[in-house]
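Here is a short walk through one protein model, meant to be read with the viewer open. Keep the structure at hand and follow along from strand to helix to loop.

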Amino acid sequence: MYVESAESGGLAMKIIGMTALLYGTSYLDAAIRSIIDSVDEHYILYCPHPSHGYNNGILPPASESESNLHEIAWNAAGTKLRWIRGDWQRENEQRNSIFHYAPNSDVIVIVDSDECYADGLADEAIAYGIGAGCGQLRLPFTHLWRSFRKGFAHDPAYPTRVVFPNQSGETLTMPTDKRIWHFGYAQPSDIVKFKMKNHGHLIEFKRNVDWFSDVFMANRQIDCHPIGSEYWNVEDIDLTNLPSVLSNHPLKDLELIP
């Protein structure tokens with residue numbers, strides 16, 4: 001992709017998207033579409049079992065089959081799709097394999113299957129990171145809770161979402177009012193139940209509560225994070241800047257996602 005910036009010297013840069021995938025039919029289409037126009041290729045790193053190191057034999061609901069996920073990804077990414085199936089045993093192995101499959105990438109835009117970039121955010125993040133010379137870039141998040149209307153808009157724990165393999169600068173946080181919208185806790189309850197049994201931070205979960213039953217299904221409004229966070233008290237979410245790819249999403253108008 002041609003990047004018009006002084007820092008790139010007016011040269012073509014290889015920009016790719018990346019999703020580490022096990023399940024995600026609810027939002028995968030929107031996730032990919034929210035960045036697809038900003039990348040040359042989109043890599044799906046699909047693992048048919050959880051890659052968090054747990055061997056509990058629990059599989060995703062039948063709706064989350066590889067064929068269903070592949071169809072969604074193909075419809076969203078078209079010929080930009082690169083589907084890689086692997087047998088990774090650790091999440092970092094799954095995610096880091098992108099450096100093997102796309103070794104000549106200048107920019108890697110990460111989007112999980114339950115995330116959606118605000119309109120224009122991917123392009124702005126790429127340009128900002130190139131201009132700043134950073135190695136990695138963190139982006140602000142809004143986490144949704146049980147619907148599109150409620151969530152947590154002020155959690156400052158922003159994850160890395162754009163990587164610049166050929167730049168050696170530090171990890172930066174992009175100053176922007178735009179957000180990545182995270183729907184990890186605003187999806188059908190059977191998916192959340194599966195997610196929590198295979199969560200990457202499972203060993204850190206609170207032990208004094210049955211989080212799925214007593215917090216998530218009970219739709220608790222305070223202290224909602226499964227590990228703990230002073231910022232996870234439910235707020236009203238302003239939908240004015242909802243990414244356009246979500247405007248007709250089938251779950252958008254539900255008061256409570258079942």
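This is a predicted model: local features need pLDDT of at least 70, side-chain atom pairs count only at pLDDT 80 or more; totals for chains, interfaces and linings use all residues.

## A histidine with partners on both strands

His 143 stands opposite His 182 in strand E11, and Glu 115 stands opposite His 182 as well.

How well covered is E11? Six of its six residues are buried, so the strand is mostly covered.

## The sheet around E11

If you step back to view the open sheet, you will find five strands in the order E5-E11-E7-E8-E12, with mixed pairing. Strands E5 (115-117) and E12 (235-236) stand at the edges; each has a single partner strand, so one side of each is left without a neighbour in the sheet. As a general point, the side chains of a regular strand alternate between the two faces of the sheet.

Beyond its neighbours within four places in sequence, Phe 152 is in contact with several aromatic residues, among them Phe 141, Trp 145, Tyr 231 and Trp 232. Its contacts also include His 143, Cys 224 and Glu 235.

Cys 224, one of the contacts of Phe 152, lies 72 residues away from it along the chain, and the C-alpha atoms of the two are separated by 9.6 Å. Cys 224 is buried, with a relative accessible area of 0%. Cys 116 counts as buried too, at 1% relative accessibility. How many disulfides does the structure hold? The number is zero.

## Helix H5 and its buried face

Helix H5 takes in residues 121-132, 12 residues in all, and reaches 16 Å from its first C-alpha to its last, close to the 16 Å expected at 1.5 Å a residue. Its buried residues are Leu 121, Ala 122, Ala 125, Ile 126, Gly 129 and Ile 130. Seen down the axis of H5, these buried residues fall within an arc of 160 degrees, so they line one face of the helix.

What covers the buried residues of H5? The cover includes strands E1, E4 (107-110), E5, E6 (134-138), E9 (160-163) and E11. Just after H5, Gly 133 takes a positive phi of about 70 degrees.

Ser 38 sits in the loop between helix H1 (28-33) and strand E2 (41-46), and at 7% relative accessibility it counts as buried. Its side chain makes a polar contact, at 2.7 Å, with the side chain of Asp 123. Leaving aside neighbours within four places in sequence, Ser 38 is in contact with Met 1, Ile 15, Ala 122, Asp 123 and Ile 126. Two of these, Ala 122 and Ile 126, are among the buried residues of H5.

## Helix H2

Helix H2 (residues 66-77) has 12 residues, and its end-to-end C-alpha reach of 16 Å is close to the 16 Å expected at 1.5 Å a residue. Its buried residues are Leu 69, Ile 72, Ala 73, Ala 76 and Ala 77. Viewed down the axis of H2, they fall within an arc of 110 degrees, so they line one face of the helix. These residues pack against strand E1 (15-21), H1, E2 and strand E3 (81-85). After H2 comes Gly 78, whose phi is positive, near 60 degrees.

## Two loop residues with positive phi

Most residues other than glycine have a negative phi. Arg 146, however, has a positive phi of about 65 degrees although it is not a glycine; it lies in the loop between strand E7 (141-145) and E8. Asn 219, also not a glycine, has a positive phi of about 55 degrees, and its place is in the loop between helix H7 (211-217) and E12.

Conventions: Residues are numbered from 1 along each chain as its sequence is written. Side-chain values use heavy atoms; hydrogens and water are left out. Contact means heavy atoms within 4.5 Å. Helices (H or I, at least four residues) and strands (E, at least two) are DSSP runs, numbered from the N terminus. Buried means under 20% relative accessible area, exposed over 50%, partly exposed in between (1.4 Å probe, protein chains only). A polar contact is a pair of N or O atoms within 3.5 Å; within protein, one must be able to donate a hydrogen and the other to accept it, and residues adjacent in sequence count only if both atoms are side-chain atoms. A disulfide is a pair of cysteine sulfur atoms within 2.5 Å. The expected span of a helix is 1.5 Å times one less than its number of residues. The arc is that of the directions from the helix axis to the C-beta atoms. Two strands pair if DSSP finds at least two bridges between them.
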